[in-house]
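I opened a structure today and kept notes as I went. The entries are in the order in which I looked things up.

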Amino acid sequence: MTRSHPSPPSRRAVLGGAAVAALTAAAGTAPAQAAAREARWPTEFPLPDGWLPEGITIGRGPYAYMGSRADGAVYRTDLRTGEGRVVHEGATGLAAIGLKLDHDGLLYVAGGGAGTARIIDSRTGDLLRTHRLTGATGHFVNDVVLLGDRAWFTDSYGPVLYGVPRGRRGGVRALPLTGDWEQTPDVINANGVVSTPDGRGLIVVRTAAGALYRVSLRTGRATRIPLVGADDVVNGDGLVRVGRTLYVVQNRLNLVSVWDLDARAGRATLRRTITDPRFDVPATAARFGDRLYLVNARFTSPQTPETTFTAVAVDR
């Protein structure tokens with residue numbers, strides 16, 4: 001029997017294989033180089049004394065924006081150096097609680113007890129628009145997430161979400177929470193909020209009860225998410241979702257619980273917890289690269305103009 005011998009590869013195949021190998025090597029080294037670069041960045045940086053931080057957001061660039069509960073100002077820190085400055089001046093009677101940065105450079109800011117949503121240009125610091133979401137008393141606009149053509153805000157003292165248009169057209173949409181949602185008087189209810197992995201709804205944490213809910217944006221129906229591995233997420237504040245991984249900042253417990261979600265956020269399984277001796281009642285977090293950046297709200301410390309505040313970074 002005649003044994004056949006394979007033909008030698010063509011020059012084109014050899015060159016093509018080399019190109020693929022080079023591209024694969026480059027793709028593999030880029031994340032490693034980025035991680036090494038970020039590892040040299042500071043993992044703790046100061047905020048102005050008396051800042052009273054609670055919210056933090058980070059966009060595509062290495063800049064963190066943090067709001068002030070004292071007067072609604074916004075502070076920007078360069079994550080590469082830890083240096084920062086005020087980019088939006090506050091005023092008496094204002095507050096900046098949760099905030100999110102849009103790809104257009106717009107900041108959507110929850111106004112707390114003022115019951116407002118403000119839109120600020122992060123590049124110029126200019127206030128572009130203010131939406132009145134609630135009455136002047138009995139409400140607390142706490143956090144915000146960007147999804148589709150709206151920014152969705154939580155109200156900690158009212159069973160409703162508010163959808164603010166991200167363009168110039170359209171009005172504010174009030175979405176009452178129904179289904180499994182239970183509103184408890186005189187405590188923090190709806191707080192942190194993120195989108196579901198499938199992008200069709202929202203996940204909201206109910207702080208005092210330590211419960212997570214999946215909310216339909218079509219009907220407002222809230223379905224409690226069963227937790228596996230822990231009974232609750234009590235003191236749950238800010239939420240961060242990366243793919244099917246959900247990070248819950250549990251402020252007064254000084255920890256971040258890390259949960260695995262299924263595709264529809266129908267169940268959450270505890271994977272691990274993150275703690276750090278630098279945590280001092282962290283309120284919210286934002287992701288950049290392989291890190292989570294958290295602001296220490298220090299709710300158990302004196303909240304005075306002389307109180308010092310920091311933000312810290314941990315590996316996620």
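**Entry 1: ground rules.** I am working with a predicted model, in which local features need pLDDT of at least 70, side-chain atom pairs count only at pLDDT 80 or more, and totals for chains, interfaces and linings use all residues. Residues are numbered from 1 along each chain as its sequence is written, and side-chain values use heavy atoms, with hydrogens and water left out.

**Entry 2: the chain.** I looked up the secondary structure and found 1 helix and 26 strands. Helices (H or I, at least four residues) and strands (E, at least two) are DSSP runs, numbered from the N terminus. The chain has 316 residues, and 49% of them are buried. Buried means under 20% relative accessible area, exposed means over 50%, and partly exposed lies in between (1.4 Å probe, protein chains only). I noted an accessible surface of about 14,900 Å², with 51% of it belonging to carbon and sulfur atoms. These areas come from the Shrake-Rupley method with a 1.4 Å probe, and for residues only the protein chains shown count as cover. Of the contacts with a separation of 6 or more, 46% are between residues 24 or more positions apart. Contact means heavy atoms within 4.5 Å.

**Entry 3: the cavity.** Rolling a probe the size of a water molecule over the atoms shows where empty space is left. On a 1 Å grid over the protein atoms alone, a cavity is a set of points where a 1.4 Å probe fits but cannot get out; a pocket is an open set with protein on both sides within 12 Å along at least five of seven lines; lining residues have an atom within 4 Å of a point. Grid points are joined across faces, edges and corners, and a volume is the space filled by probe spheres set on the points. I found 1 cavity of 30 Å³ or more. The volume of the largest cavity is about 60 Å³. Its lining includes Gly55, Ile56, Lys100, Asp143 and Thr284. Strand 2 (53–58), strand 6 (99–101), strand 20 (236–242) and strand 24 (282–288) each give at least two residues to this lining. I sorted the lining by class and got 4 nonpolar, 4 polar and 2 charged residues. Here Ala, Val, Leu, Ile, Met, Phe, Trp, Tyr, Cys and Pro count as nonpolar, Asp, Glu, Lys and Arg as charged, and the others, Gly among them, as polar.

**Entry 4: the pocket.** The largest pocket has a volume of about 800 Å³. I counted 28 lining residues, and Thr57, Ile58, Gly59, Lys100 and Leu101 lie nearest the centre. By class, the pocket lining has 15 nonpolar, 7 polar and 6 charged residues. Among the strands that supply at least two residues each are strand 3 (63–68), strand 10 (141–147) and strand 15 (190–195).

**Entry 5: glycine 59.** Where does glycine 59 sit? I placed glycine 59 in the loop between strand 2 and strand 3. Glycine 59 is partly exposed, at 23% relative accessible area. Leaving out residues up to four places away in sequence, glycine 59 touches Leu101 and Phe288.

**Entry 6: alanine 286.** Alanine 286 is in strand 24. Is alanine 286 buried or exposed? Alanine 286 counts as buried because its relative accessibility is 7%. Its contacts beyond four places in sequence include Ile56, Val240 and Tyr293.

**Entry 7: arginine 69.** I found arginine 69 in the loop between strand 3 and strand 4 (74–78). A polar contact is a pair of N or O atoms within 3.5 Å; within protein, one must be able to donate a hydrogen and the other to accept it, and residues adjacent in sequence count only if both atoms are side-chain atoms. The side chains of arginine 69 and glutamine 303 make such a contact at 2.8 Å. The arginine 69 side chain also reaches the backbone oxygen of alanine 297, at 3.4 Å.

**Entry 8: glutamine 250.** Glutamine 250 belongs to strand 21 (residues 245–250) and is buried, with a relative accessible area of 5%. A polar atom of its side chain lies 3.0 Å from the backbone oxygen of valine 234.
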